[in-house]
Each structure stands twice: as C-alpha cells, then as structure tokens.
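Happy to walk through this one with you.

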Amino acid sequence: MDQTMVRFDEPYARTNDIAGKSTIRITNTGCKKRGFTVALAATASGHKLPAFVILKEPTGRIPPRVLKDLKVPHNVKVTCSFNGWMTTNLMESWLTRIWGPNEDDVRRLIILDRASIHRTSSLQEKLKDLDTDLVLIPAGCTGLLQPAVVSWMAPFKSALRREWAVFIRNKQKTLAGNLKRPTRQDVIGFVSAAWEAVTEEETISKSFKRCGISNALDGSEDGLFHTRLAEVNVGSVDNDITDELNEECVNLILDDDSDISFNGFSDND
C-alpha cells in the first residue's frame, strides 16, 4: 500500500501554444491548491483493493447532507481529515475497512514505506490482531522496492488527468460564467475511473515481480526485475558493493542474535 496527494485540478504538465510566447494560460477551475490523499493497495496476485480517498474537511467530517447524497463506487472508500492527510487513526481505519480480517486462515504480509504512521505500536498491535506481518521498505529504497512507486502511480495519475481533462472540456459553468469546480462527487468519480484503468495483470501483478517480491526463489524470474533493481542484482555496480549489500540484507533478516529488528530499529527505538 502507498499513499499519494492529488488535487481537485489536475492539468497536464505540457501544452501547445504559439512559439515565442512568454506566458501561457492554463485552463483550470481555481482548485490547484485544494488537495486530498488517495491510498492505493493491491496484492501480489494482481487484485486491487478499493482506493481509500481522504478528503480535506476543516470540520473533521463530511457534512451530513453531502454524505447522504454522495454516490461512492464499489472500488472506492471515502473518509476525511482536517488537512486531507493520512493519520494514525485513519491508517487503522484503512486496516479495518480495506485490509480487513483474515478470512483464508493464512498469515499475511503487508509492505509499507517508513512513514511515521506506519511504525506506531498501536498499528503493530492492530496488524497482529489481523494475522498480518509488517515489512517496512528501507529508507531511500521506495524507488527500488515499492510496487506502487515503481509501477502503479504513474498510470494512475495519467488516468486521473484524463478524467479531469474530460470534465474541463465539458465546460460546465456557474451562473457568473466561471468554470464549475469539481465537486467531491466528481473527484471520487475521477479516482474510481483512474484506479479501474490500472490493469491488474499487466501492471499490478507484474509490479511485485519487478520489485523482487513475489518472484520464484530459484532465480528463474530474476529477469523480470525493473532496470534499476536488476543493476544491483546482477552486479552492474561494483561487485564488492553488491556482495556487501546482499550480506547485510541476509544478516538483517536471518540473524537471530542481532539486536536490530526486521524493520531496521532496535527494540529500544
């Protein structure tokens, strides 16, 4: 699982205009700074869990009249916070609403980055209750080992921009003649369509193998690593560095005498 901040306005980074112009006007609805968080999660089999949308609500809750009329698609769950960010409480809510109980009686593994909200004692207790082991990606390695960063987020955000562009092209206007701003219902629809557009087999399931998570242990699928990870694995970098890195990782995971836990912290930290 990984989280990303998105905006109500999602214009493209490039456009076309007459050569030599010093400024170019980008059409938007004035919501460029109005953001919210989306948490995306999927399994190594390719199954996508519902997107967890955290809206920014100054009161800390979605107004009841709005919530009553909100139509939430099957692949989205909606909540809110004061600033639109993930919090410790919302992370625990995500575990309850999205990750859910262990229905298959098989112990599970969840991979997260090292954000502080992923390292709280309350979260670890919650994971134990859900029969789930936690692995935290080492600092600075999300670009190598986090499937969401390596494979999902780029196509998700591209699809999100396409949905926003369609909304803008419809040119719905207010009584004053200004472009209508996307509503909560609109952005939830954007997220639903964008997440649906990310393919399960081609993008999701392959992303775990690209990051070396669900590959066959006999090395037969090591050729599926993405370029940067493959360079480390095959020793395109200095062999001494690669061997040292491999030894450090093995010791970290398997050395029972070490006072460093699997998540990289000693028991006293």
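Q: Are helices α2 and α3 roughly parallel or roughly antiparallel to each other?
A: This is a predicted model, where local features need pLDDT of at least 70, side-chain atom pairs count only at pLDDT 80 or more, and totals for chains, interfaces and linings use all residues. Residues are numbered from 1 along each chain as its sequence is written, and side-chain values use heavy atoms, leaving out hydrogens and water. The axes of α2 (residues 88–99) and α3 (residues 121–129) come within 10 Å and cross at roughly 5°. Angles under 35 degrees count as roughly parallel, and α2 and α3 are therefore roughly parallel.

Q: Which residues of α3 make the contact with α2?
A: Contact means heavy atoms within 4.5 Å. On the α2 side it is made by T88, M91, E92, L95 and T96. Their partners on α3 are S122, L123, K126 and L127.

Q: Within what arc do the buried residues of α2 fall?
A: Buried means under 20% relative accessible area (1.4 Å probe, protein chains only), and in α2 this holds for L90, M91, W94, L95, I98 and W99. They line one face of the helix, because seen down its axis they fall within an arc of 155°.

Key: Axes are lines fitted to C-alpha atoms, for helices over the stretch in contact, and angles run from 0 to 180 degrees between N-to-C directions. Helices (H or I, at least four residues) and strands (E, at least two) are DSSP runs, numbered from the N terminus. Angles under 35 degrees count as roughly parallel, over 145 as roughly antiparallel, 65 to 115 as roughly perpendicular and the rest as oblique. Buried means under 20% relative accessible area, exposed over 50%, partly exposed in between (1.4 Å probe, protein chains only). The arc is that of the directions from the helix axis to the C-beta atoms.
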